[in-house]
Structures are given as C-alpha cells and as structure tokens.
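Here is a briefing for a reader who is meeting this structure for the first time, grouped by topic.

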Amino acid sequence: MSAHAQVHAVEDHHDDHGHHHKETFVTKYIFSQDHKMISKQYLITGLFMGIIGILMSLLFRLQLAWPDHKFTIFEIFLGKWAPDGVMDPSIYLALVTIHGTIMVFFVLTAGLSGTFSNLLIPLQIGARDMASGFLNMVSYWLFFLSSIIMLFSLFVEAGPASAGWTIYPPLSALPQAIPGSGAGMTLWLTSIAIFIASSLLGSLNYIVTVINLRTKGMSMTRLPLTIWAFFVTAIIGVVSFPVLFSAALMLIMDRSFGTSFFLSDIYIAGEVLHHQGGSPVLFEHLFWFLGHPEVYIVILPAMGIVSEVMATNSRKPIFGYRAMVASILAIAFLSTIVWGHHMFISGMNPFLGSVFTFTTLLIAIPSAVKAFNWITTLWKGNLQMNTAMLFSIAFVSTFITGGLTGIILGDSALDINVHDTYFVVAHFHLVMGISALYGLLAGVYHWFPKMFQGRMMNKKLGYIHFWVTAIGAYGIFFPMHFVGMAGLPRRYYTNTNFPYFDDLADINVVMTIFAIITISVQVVFLYNFFHSIFYGKKGPKNPWNATTLEWTSEIKHIHGNWDGPIPHVYRWSYDYSKLNKDETDYVIPGQDFIPQNVPLQDNEDEMDH
Amino acid sequence: MTAFLVILVIILFGISVWQMNRIFQLAKVKPSTHSEIASDKDNNMNGYLMMGFLAFMYILTIVTFWLWGDVLLPESGSEHGARIDNLMLISMIVIFFVGILTQWLLHYFAFVYRGNKTKRATFYADNDKLEFIWTIIPVIVLAGLIIYGLFTWTDIMNVDKDDDPLVVELYAQQFNWKARYGGNDNTLGEANVRLIEGINQLGVDPADPNGQDDKVVTELHLPVGRKVLFKMRSQDVLHSAFMPHFRAQMNCVPGMITQFAFTPTITTVEMRQNDKVVEKVARINKIRTDKNIALTAAGQETLDPYEFDYLLLCNKICGVSHYNMQMKIIVESEEDYKAWLAEQPTLAEQLSK
C-alpha cells in the first residue's frame, strides 16, 4: 500500500515540475481544486452561516426572556413577522428550526468537518492533494448551493420551515398545519438533499484519500488522531446520510405526489385527508438513523482536533493512543445503533426502548475512556496555554458536563419526564453544540498559520474571546437544566400561558444576559480572524513545535504542498518530550519534539505504540 | 427595505472600523516575532485562570441550586413516579460525584502543569492497567443504572390488564385536548377521523355499542388510587401528552393509538397543601402581584391569582399555538369523581340532541 502510494506521489511530483500552469483568479479563489483553498471556502461559508444561526438564537432568547416587551430589533430583522416589535409565534418556531438546521448541518458538519478534513487530511498524511480535486470542488459548491437555498427560504412569503429541525411529519408535510410547511419546507428539503450530496462526495473523497494516499511509512497506526477522527467521521456519514436522503425523498413524495409513507388518518382544517396507512414513527426512525450518528459526525472531528492540539501543547504524547483509536471506532459503531433513544415515548414498542437504553449507555464507556485519557494527557505535561489549548481544555470540560446528563436522557425510564424539555436542550447544547464549537475554534486558532500562509491570530484577543465564551457558555446552559427539570417544554413561544412557570422567568433572563455577552464576544473573534488574515503577524514555519507533517509543508500555499519530494514518515505523531537512552536530554538535544519525518535516531528506543 | 438599509449601514460601519484599524496598524512599529505564541507569563496567567474557572463552576452550581433549587417539580403525584424520582436521585448523585471529580482533575492539572521554559514534560504514552480501570468502573456503574432503569421502565410500560384500569382516551388536536371516558362498560367505542361529523368531534363510530355511553370532556378528572390507562390519539399532527407532575409522557400519533398508564396517588387538594407547592404558589403569586402593579399603572388587565392544578401539556412541536395547548387535570376521591362523571352527558345523549 505504502509503496504504491509512494510511486503515485513521485509521479505527482514530476507532474508539478512538468508544467507550471498559470492560475487565474477564478481557478485559484473560486472554482479551486486545491484542498487548502477549499478548506478556507468551507470555513468562511461555515462562519457566515454560523453568524446567521447564532444571531437567530439571540432573537429568540430575547423573546424568551422578555415575552411582553416590544423590541425594535425584531421589527428590523423580522419585518412583517414582528409588527410593532412583537414577535409572531410562527416566526419564533421558524427561528428555532432554522437555527438548529444551520448550526447542526451547515456550521458543525460542513464548517467543522469540511474545513479541517480538507485542510489536514492531505497535509497530515503527506499527500499532494485529495484523491479527487474535482469532486472536492463539486462537494464545496453543492454545499454553497444548499446554503444559498436555505438562506433563500428565509424570504419566502409564508415563512421558512418551522416544524423544528427534526421536521417530523405530519407537521412538516401539511401546509394547513403550519404556514412554514409550504414553500419554506420545500426549499428546506431541497437544500438538505443537495447538502447530503455534498457531504457524500466529500466523505467518499476523504475515505479514499486516507486509504490510498498516505506517504511512505505512514501506516494507519502512525496516523495523527485528527486523521483517524476525520476518516471514521466520513465513514459514518456515508453510512447514515443516504438514509436521511431517503426520508427526505419520501417526505417530498408525501407532500407533493399524494403518497402516504408517513401520513394516515388525518383530519385538518375541517376535512379528512385521503392519506391512509403511513406512519410518522417510520419517519422518526429514518430521521434519527442519520440524526444520531450526525451528532457523532459533529463531535468526532472536534475530538480529533482536541487530541492533537492537547498533545502538542502539553508537550506530551496523547495518553493511550490505541485506546483513543479504539474508542473512536467503538463510538462510530455504537452511534449507528442507538437512534431509538430519541424515540422512547414515540409510541414504539417499549421493548425496543429497553434495547436502545442498553446500547445508549454502552456508548458512555468509550466516551468516558476518552475523557480520562485527555485528562491524563495533561498530567505531568508542560502546558503551553495557547488559545487553541484553552479551547481544547474547555472542550473536555463541556463534553464531560454535557455527557453526564446523557446518562439521564439515555435511560428510558428517566427520559419519560425530561423528554423534549429544556433539560434536553441544555444537554445537547453542551455536549455537541458548545463542545463541537470549541473544537472548531481550537482548530481555527491552531491551524490558522497553516491556512493563511504563516500569519497568526492575536493572542490577547484570543484569551479575551476564550474566557468570556467559556464563562458565558456555562452561564447559558447550566441554569437551563433547572428549567427543564421544572417541566418546561422546549419550543414554547412564551411561558406566560402557564402561571405555573411564572417563577422560571428570571432564570430565562439570566440565560439571555449570558447569551448576549457570549454572542457579543464572538465579534472579538471575528475581528481577530478577519484582521489576522491580512495583518496577522507572520510566525515561524512550525509555530507550535508540532510533530505532524503539515508543518513541514511550505508556508506559502503552492499546489502540491511540498516544493520538493513528499516527506517520508518514520515514527508516530506523538514523540513529544521523548528522552534519549541515557535520559540526559531529549532525543534531539534542546528540542522537545521529533517531527514524524525524522528517521529513528541511534540514541532512542523504538517504541511500539 | 429598512432591513436592507440597516444591513448596509452595518457593513459600511464594519468597513470603516476595519479601515481605521488599518491606519493604526500602519502607524505602529512592529514588535519582535513569536509574540503570538504563549509565553511563560501567559501560561502562568491562564493556569491561574483555570483554577478561577473551576471555582466559577462550583460557585455557579451552588448559587443556581440556592436560587432555583425550588423551581423543580414537587413530589410525584403518581405511584411509579416515586421510582423514577429515586432513580433520578441516584443518577444525579453519580453525575455530580463524577462531574465534580473530573472537572477538578482537568482544571487542577491545567493549573499545576502550566508550562514553563525550565520544565520538562514526562513522556508517558500508555498504561494498560490504568486504562483498564477506567473502562471497567464506568461499565460497572452503568450496568447498575441500566438494570435499575430497565426494571423501572418495563414496570411502567407494561400494563397489567388484571389491574382493571380506568380507560381514558386523550385526544389531541391543534391546539387543545379532549378526554373520552369509556362510560359504564369502561370500554371505548371504535373511532376514526373519517367519522368526524358535527358534534361527534372525535369521530366515534355511532354504530359501535361500546361507544354509546362514552363521555367526551375538556377537563380531565381522575380518581385517586386507581390505575388509569390512557389511550392516546391525534387527529392532525404529532402531539405529546406530557403530565410532568405524574412523571408521565407519551406521543400522540395520527394513525395509531399509543398508551401510557399510571396510578394517581395524591389528590389535587392534597397537592395544594404540599409544602413545596405552597411555597411555589406563594412565590408565583408574589410575582403576579408585582406585575399587576405595573399593569394597573399602564391601565391594562391584571393577572388572576394562581392556584395549583395538575396540568396536561403538549410537548411535541405541533404548530403556531403549541405554547398554549393545555388541559387541567383534577385528581379527586372516588366519590367526587363518580359524581362529576355522572353529570357529564353520554355520547348517545349528545348525538340525539
């Protein structure tokens, strides 16, 4: 395998010297087939979508905290949906729906996995580019198209999709049931169908690249954990996304062509519909067959990034590399057989609920192993508190906090009373929302110099961004558990119709204030990010003293990544602070890391990891 | 149009800030390189902040419990609910123990091992024994929770027909609830949305003899101490019948009948005298009185004082008025329940009118 890859690589190399073709603006910046440019395109598009998604959350947080108040800001952003500054209930549902959709798919799937898989897979395995640059380009542009359609749906007359991001039929199938299920829903489904195509093309490319294009010496057991995470993420995506596609297709059929896959016995708006024999529960199964693996599609790349950043900045090998790989594989496998825990009270057979409780609590085991291994990686380290490292530590913190409440939600008996309450909202925002965003931010801070030709982000602004975000995130989502355990259902436009919930009002205000602070400080990040692209200080070639191959590639982005031959690999990617045989100094005197492309030295022991 | 102008202004403002910054940048002298990589000073500062953050998390936990510990649901009004609460308590103790411990380790290590040029990290890549320990401990703890949880779940979900439960249909539609009692025979008549006509809003089959004595109501009354088997239907979209005080919830699915059963153990009147509920109601009424002062000043309608009642809420997004789809539940003595039910007209009576 490796030898084959090498032959291929050498050919590539000759190709590069064969012809220095001129790049036009269009081929370099727009329809680029270079993985580094595509990763930047993914990142910028993802960030843009993220800004919209997060601003939506600001709007509905304001509504939840002060339901009786009139906000001019509502009128400005929502127009006819907020006459005199009073938010319309249907646009509230649209906001939570599109917020969820954008954050899960467009930011945390495409923005996170798309960005870093594209950037790091070729660079860290020692390849000149993805297996297919063309498919990679098509993948991005399909993602771009789906983003445009999703944004376009916001301007539809009857409003965008508003049946929740899970779009359960019949609500999502019947325009009579909610205005957003008209053209808005059609556009939502179209957008997601295109998104799935984009995701599949990307994932197949990642898989093929990791399997075939590793440089000489880069065995699977020498891969950095980032690559393992991206590789397995892509496999889960290929397995589960097509199922969502089929669900979307069947929903389109039900909506437009009169089939009854998900609909039966419906009386709405004064008439009986002809639909007979379908079941919404079937849709729930299909949806969550993707929906649950999806949260691991979101979190695994973040885990990979965190492992890598943490080892580098601890100046220590990641603790238990094999266990980390095994747990990624275990999580990936289990993630496809736990979807039913979203459906304990959907009306499916209670015995099925028991099975899913069992598999769900099993998945806590590899997750716990990962958390303990990260903590042990810090132990006796020499921690370099770069911004990326801070976000990695915070990732472990929120992953633990959010993961632990999963023990309650995964237990079918306990789920009965917290299902669909704010307890769930608090749980998944901490464990996948905030954690994955921390992974994304850690990745951005860490690999910014690689993405933007040696420029670095401002450290002080990074610290301000981190500390305010870390405090704010807990400030929003920790109190939210109380709201859920008080019995308040999610997706309520206002709680004022239930005097019983009156005493939750001040918790809502506290959460919203934390949300405003946290969202505001993201402006510091955006400023730092965009400013540093153009004016960031240029750092050294390998600013974090990392061992992985990407830091041996040229600072200046060239097609093919390495000016000379592709580096060969002689060791795993975690030789940090390794001592020589006499234990007098590091293997390379005065340097606490050994890059992967440095051959085995006479004064060191070879270790089998 | 206004929206467009506002966006334009924001963009232009952003550009001007950017340009201004550019001028400042150009005016500034470039400092030495590497200044964006954490120095020992940064490591030190952030190490201490990590301990500060740990303190923040602990304080946040304590303060939130102190402030809002009393908003949580009162004691369960149903028999099985006590078991759920017990399991919840055990899980919470485990969670808090593990959470406090691991967060401490994480942040304490981040503080103690903060970087320093003179220090050297320990090359420590593996320890099979250690990893085995922290694989096996979660396995044991989770196995315990799973077993307890599954026994509880099975007991709740498997309804024993020998208990002779009271059969009640919960009927969901956008955006209200109806309940149908089986009448004297405690058997619900067949129903389908295709039979909905006029006053027969639940589509009960008029030809089914079991349906003749059914009673359709908009307020749910339950006798205390008797098992109630709810049969749930929905006529339009998914709804979820959520009765938080009874630790009960089940989705209502168009096209199928779902079910959930529980035994109410505390009457509404008794629950109103529960210490936690009395405190909560007093607090809510204080909030409402305070609001009323402002409302009166503004010349608007004032809020009624609040009295505790069990609630049935919709807990699955079902449309625009999802936030206000509720029904009152009254748990009362067997006699009161029978007296109330006797006053309700049967379906046959309603249809013959």
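Chain B has a radius of gyration of 30 Å, whereas a compact globule of 353 residues would have one near 20 Å; the radius is taken over C-alpha atoms, and the globule rule is 2.2 Å times the number of residues to the power 0.38. This is a predicted model, in which local features need pLDDT of at least 70 and side-chain atom pairs count only at pLDDT 80 or more, while totals for chains, interfaces and linings use all residues. Residues are numbered from 1 along each chain as its sequence is written, and chains are lettered from A and ligands numbered from 1 in the order in which they are written.

**Chain B**
- Along the principal axes, the C-alpha atoms of chain B fill a box of roughly 95 × 65 × 40 Å.
- Chain B has eight helices and ten strands, which are DSSP runs numbered from the N terminus (helices H or I, at least four residues; strands E, at least two).

**Where the chains touch**
- In chain B, 107 residues are in contact with 113 residues of chain A, a contact being two residues whose C-beta atoms, placed from the backbone, lie within 7 Å.
- H4(B) gives the most to the side of chain B that touches chain A, with 15 residues.

**A:Gln41**
- A:Gln41, found in helix H3 (residues 35–65) of chain A, counts as buried because it has 21 C-beta neighbours inside 10 Å; buried means 20 or more other C-beta atoms within 10 Å, exposed 12 or fewer, and partly exposed in between, with C-beta atoms placed from the backbone.
- The C-alpha atoms of A:Gln41 and A:Tyr140 are separated by 7.6 Å, although these residues are 99 residues apart along the chain.
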